[in-house]
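Subject: the model for you to look at

Hi,

Here is the structure I promised to pass on. Have a look at it first, and then read my notes below.

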Amino acid sequence: MKEHVDIYLYYEGDSEALRTKYSITLVNQLPGKADRTTHRTSNEPVTTFGQVNSDTTSRGEGFPSFIKRSVLEDESNGWKVNDRVVIRATVTTFGDLESTVAAAAPAFTPPNTVTADLKSLLASGRASDIALYCGPREFNAHRSILRARSPYFEGLFSSSMR
């Protein structure tokens with residue numbers, strides 16, 4: 001296993017020469033901690049991506065040894081939280097754009113467990129914001145769920161009566 005993580009941008013378009021400057025940001029997921037950004041500095045030449053037809057164009061470029069693997073995998077550092085790493089790439093192009101390439105990032109689709117999740121929330125009492133009493137028994141509930149599921153509670157919670 002490699003000691004460092006490398007990050008590269010790879011151009012898949014059909015442009016002969018697309019002049020760019022870019023940055024790659026490793027997003028810190030802990031509150032108050034700074035992100036880590038690596039970029040082409042203003043005094044460095046513009047990177048030209050495109051069909052490789054000379055020594056001035058390239059299909060990919062990046063940062064070898066971007067971050068030490070042990071630092072990335074230590075969740076207390078905030079780079080990896082719950083097995084998730086967030087990387088943001090910003091690319092600025094210069095000159096005429098011959099064609100565009102859209103990155104195909106899969107949209108997040110939550111698991112189809114909404115019924116089980118709501119049952120768990122109800123059973124645990126987490127985030128409950130109201131208590132209903134029936135004789136000596138107390139039932140923790142969630143106003144938003146009661147409003148969504150019952151016209152009676154919708155009317156009760158939307159009126160000025162309390």
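Along the sequence, the protein chain reads β-β-β-β-β-α-β-β-α-β-β-α-α. That comes to four helices and nine strands, where helices (H or I, at least four residues) and strands (E, at least two) are DSSP runs numbered from the N terminus.

Two bits of housekeeping. This is a predicted model, so local features need pLDDT of at least 70 and side-chain atom pairs count only at pLDDT 80 or more, while totals for chains, interfaces and linings use all residues. Residues are numbered from 1 along each chain as its sequence is written, and side-chain values use heavy atoms, with hydrogens and water left out.

The chain as a whole: of its 162 residues, 23% are buried. Buried here means under 20% relative accessible area, exposed means over 50%, and partly exposed is in between (1.4 Å probe, protein chains only). The accessible surface is about 11,800 Å², and carbon and sulfur atoms account for 54% of that; areas come from the Shrake-Rupley method with a 1.4 Å probe, and for residues only the protein chains shown count as cover. Taking contacts (heavy atoms within 4.5 Å) between residues at least 6 apart in sequence, 62% join residues at least 24 apart. As for a pair that is separated in sequence, Tyr10 and Glu61 are 51 residues apart, yet their C-alpha atoms are 6.6 Å apart in space. Tyr10 sits in strand S1 (residues 4-10) and is exposed, at 55% relative accessibility.

Now the charged pairs. Side chains of opposite charge can pair when their charged atoms come close. I counted a salt bridge when a side-chain nitrogen of Lys or Arg is within 4 Å of a carboxyl oxygen of Asp or Glu, and that rule gives five. Three of them, one by one:

- Lys80 and Asp83 meet at 3.5 Å, N to O. Lys80 is buried at 18%, whereas Asp83 is exposed at 66%. Lys80 belongs to strand S6 (residues 80-81), and beyond its neighbours within four places in sequence, Lys80 touches Gln29, Leu72, Glu73, Glu75 and Val85.
- Arg69 and Glu73 pair at 4.0 Å, N to O. They are four residues apart in helix H1 (residues 69-73), so about one helical turn separates them. Both count as partly exposed, Arg69 at 22% and Glu73 at 40%.
- Glu154 pairs with Arg147, with the closest N and O atoms 3.1 Å apart. Glu154 is partly exposed at 32%, and Arg147 is partly exposed at 32% too.

Which strands form a hairpin with two residues between them? Strands S8 and S9 do, and Gly135 in the turn has a positive phi of about 65°. S8 (residues 130-134) and S9 (residues 137-141) run antiparallel and are joined by five bridges; two strands pair if DSSP finds at least two bridges between them. Cys134 has Arg137 in S9 as its bridge partner.

Last, the surface. Val114, Leu118 and Ile145 make a nonpolar patch of about 250 Å². Patches are built from residues with over 30% relative accessible area and no salt bridge, joining like charges within 9 Å and nonpolar side chains (Val, Leu, Ile, Met, Phe, Trp, Tyr) within 5 Å. Leu118 lies in helix H2 (residues 114-124) and is partly exposed at 42%.

Cheers
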